[in-house]
2 protein chains.
Amino acid sequence: MTLKDHGGNIDQAMAQHGGAVSDWLDLSTGINPCAYPIPDLPPPTWTDLPTISSKERLNETAKSAWSCRGDILAVSGAQTAIQMMPHFAPAAGLPGRHAKILTPTYNEHANVLRLAGWIVEEVSHLEQLADCDLAIVVNPNNPNGRLYRPEQLVALLPHVGRLVVDESFMDCETGYSLTPDTDKTGLIVFRSFGKFYGLAGIRLGFVVASPKDIRIFNQLAGPWPVSGAAIEIGITALSDHEWQNETILRLRKDAARLDTLIQPTGATLVGGTPLFRLYDCPNAAVFQDRLAAHHIWSRIFPYSRSFIRLGLPGLQKDWEKLEIAIKSIEKG
Amino acid sequence: MTLKDHGGNIDQAMAQHGGAVSDWLDLSTGINPCAYPIPDLPPPTWTDLPTISSKERLNETAKSAWSCRGDILAVSGAQTAIQMMPHFAPAAGLPGRHAKILTPTYNEHANVLRLAGWIVEEVSHLEQLADCDLAIVVNPNNPNGRLYRPEQLVALLPHVGRLVVDESFMDCETGYSLTPDTDKTGLIVFRSFGKFYGLAGIRLGFVVASPKDIRIFNQLAGPWPVSGAAIEIGITALSDHEWQNETILRLRKDAARLDTLIQPTGATLVGGTPLFRLYDCPNAAVFQDRLAAHHIWSRIFPYSRSFIRLGLPGLQKDWEKLEIAIKSIEKG
């Protein structure tokens, strides 16, 4: 498996454009640059096998944070939940191997299913997701931020084997999450921890679904699916409502700041979430190269010549670095 | 999934016998009680997606530490490798779903395959493993320490689809590992990191196999199978040959010390590795309860009335606690 077509791989930027890791400002992901502070981790976090009760505390904390009516399971990142789907489907008794994915979107859903021999149909309208074993929507969508209301998605449930709603970027979109609807048959919601909390390295994500489906995911995940550190940090961060609320406000403000900063280049906003912005420009590859000349890494897409996605700078010096780069592009 | 029949679940001990976590000495696992010291973890360990180059550094370090001739993949614990097997087999083109496991052994191999609909035959002699899609040997074996020489296992290769050798407890048995033989077709070796290094909470293990098979495991694992902390700690610890050599000597000495300590109870040594000892006694459940009355947790097995397994105490006070308990059992 190659990581060629993912954000967050600063190796590739360095190979193409030089510089050391410390020279680069990585805006190629949608990860919050102002991370949740790592709490003290007592030694057993590292030394001991995670206990059932610590996993349950994490799951209960997440369940309460997201008002889940279904059951929940912590896994090692939303990506791990994606990796499970080809194996979940036969275990859950879904009759076929036919998936439909609302695209363009995060490419791993299609990738993982196709590698496992599934027929994957990419559709461009929500209602086209009907009539398949597995319908997949990323909501809000990556990279364009397209956001459906809960009732639009719930309406699909009678027409599919399972509806997977990947809510990896949902944390700022209060009121749009389907986690409170996970008592409904056929609905599976993925949540990411690392993006909003800025801690992608700990590998933590969640599957929310009916108790029956969660039992299957639990069997696929095995007894120790997440690290002790992920459990401890997850419990602390998911309980910290003050940090969450402040972060939503800050991210919204910073997203608007980024949009304003980009304006002079002529690139126009396509959409996004407070964690990343998608812009349209005449030639995305050229725009990426110009930013890379300033050691700023961005994300472009194999299916679009004009789309460029930027995450948010964090530190003041990072904003200034981007501002200088933008000014030189504007002049050029 | 229940954790009822695993070591390391001190929750269960507390529910049955009372006490707080801090009151208990947990000898129910085979995890080294003197853990490798956690190195400094720079902030990107937590915040960033693990890069390809950091994963490659970890894999190369492990490959060199174990003289692997095949390819290698880091996964989130040897358990995760076990969880992958039912999905690996069809992806690798194995014709059937018939596994044979040399038992008694670690129960998750059979558990995971049966849950995925495999026919699992438990056999008691090595040569009975022939003629199946997947043959599984834990070497050295958990819980009895039975250890096969490489050539005995290699001889099986022509007679099975794949031979999985779970070397979770191999670190002290220099010369017995099959990792140098992983250029041979059909051989898959699992290695654990957490047990020997005493860091079970970080969730790190490895699959070593032919490059073709590792490509399949890689696809099943996805782009970010292990945490940033696991990568950093793994690289440091697997390079530290001085610590490794000292630890092997200390574990061997401590295992002998434990055997001597147990002797007065009348329990006899069945076998083990330097990380755990299996003893035979008239009634293992009674022995477990007597130790539990002193807040010492042990491991007994559903398939044997007489086997009790003990891991090693670490701190001097833990040795003393066990000594006091043993003396009272001896008297009783």
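A residue counts as buried when its relative accessible area is under 20%. D254(A), with a relative accessible area of 8%, is therefore buried. The model described here is predicted. Chain A contains eleven helices and 13 strands. Its radius of gyration is 20 Å, close to the 20 Å that the globule rule gives for 332 residues, so chain A is as compact as a globular protein of that length. Chain B can be laid on chain A with an RMSD of 0.0 Å.

**Overall form of chain A**

- Taken along the principal axes, the box filled by the C-alpha atoms of chain A is roughly 60 × 50 × 35 Å.
- Of the 332 residues in chain A, 60% count as buried.
- Among contacts in chain A between residues at least 6 apart in sequence, 70% join residues that are at least 24 apart.
- Chain A has an accessible surface of about 12,800 Å², and carbon and sulfur atoms account for 52% of that surface.

**Relation between the two chains**

- The superposition of chain B on chain A takes a turn of 180° and a shift of 0.0 Å along the axis.
- That relation is the one given by a two-fold axis.
- In chain B, the C-alpha nearest the axis belongs to H87(B), at 3.7 Å from it.
- Of the interface residues of chain B, 100% are also interface residues in chain A, so the copies meet through the same surface.

**Helix α7 of chain A**

- Helix α7 of chain A spans residues 211-221, and its buried residues are D213(A), I214(A), I216(A), F217(A), N218(A), L220(A) and A221(A).
- Within chain A, the buried residues of α7(A) pack against β2 (71-75), α4 (78-91), β6 (160-166), β7 (187-192) and β8 (205-209).
- The buried residues of α7(A) also pack against α4 of chain B.
- After α7(A) comes G222(A), which has a positive phi near 80°.

**Helix α5 of chain B**

- Helix α5 of chain B covers residues 108-115, with E108(B), H109(B), A110(B), V112(B) and L113(B) as its buried residues.
- The cover over the buried residues of α5(B) includes one helix of chain B, α4 (78-91), and the strands β3 (98-102), β4 (119-123), β5 (132-138), β6 (160-166) and β7 (187-192) of chain B.
- G117(B) follows α5(B), and its phi is positive, near 90°.

**Individual residues**

- D254(A) is found in helix α9 of chain A, which runs over residues 241-262.
- Leaving aside neighbours within four places in sequence, D254(A) is in contact with L312(A) and W319(A).
- T51(B) lies in the loop between α2 (44-47) and α3 (52-65) of chain B.
- With a relative accessible area of 16%, T51(B) is buried.
- Apart from neighbours within four places in sequence, T51(B) is in contact with G8(A), N9(A), I10(A) and D11(A).
- E127(A) is placed in the loop between β4 (119-123) and β5 (132-138) of chain A.
- The relative accessibility of E127(A) is 60%, and E127(A) counts as exposed.
- E127(A) and Q152(A) are 25 residues apart along the chain, and a distance of 9.2 Å separates their C-alpha atoms.

Key. Residues are numbered from 1 along each chain as its sequence is written. Chains are lettered from A and ligands numbered from 1 in the order in which they are written. This is a predicted model: local features need pLDDT of at least 70, side-chain atom pairs count only at pLDDT 80 or more; totals for chains, interfaces and linings use all residues. Side-chain values use heavy atoms; hydrogens and water are left out. Helices (H or I, at least four residues) and strands (E, at least two) are DSSP runs, numbered from the N terminus. The radius of gyration is taken over C-alpha atoms; the globule rule is 2.2 Å times the number of residues to the power 0.38. Buried means under 20% relative accessible area, exposed over 50%, partly exposed in between (1.4 Å probe, protein chains only). Contact means heavy atoms within 4.5 Å. Accessible areas come from the Shrake-Rupley method with a 1.4 Å probe; for residues, only the protein chains shown count as cover. Copies are superposed by least squares on the C-alpha atoms of residues with pLDDT of at least 70 in both.
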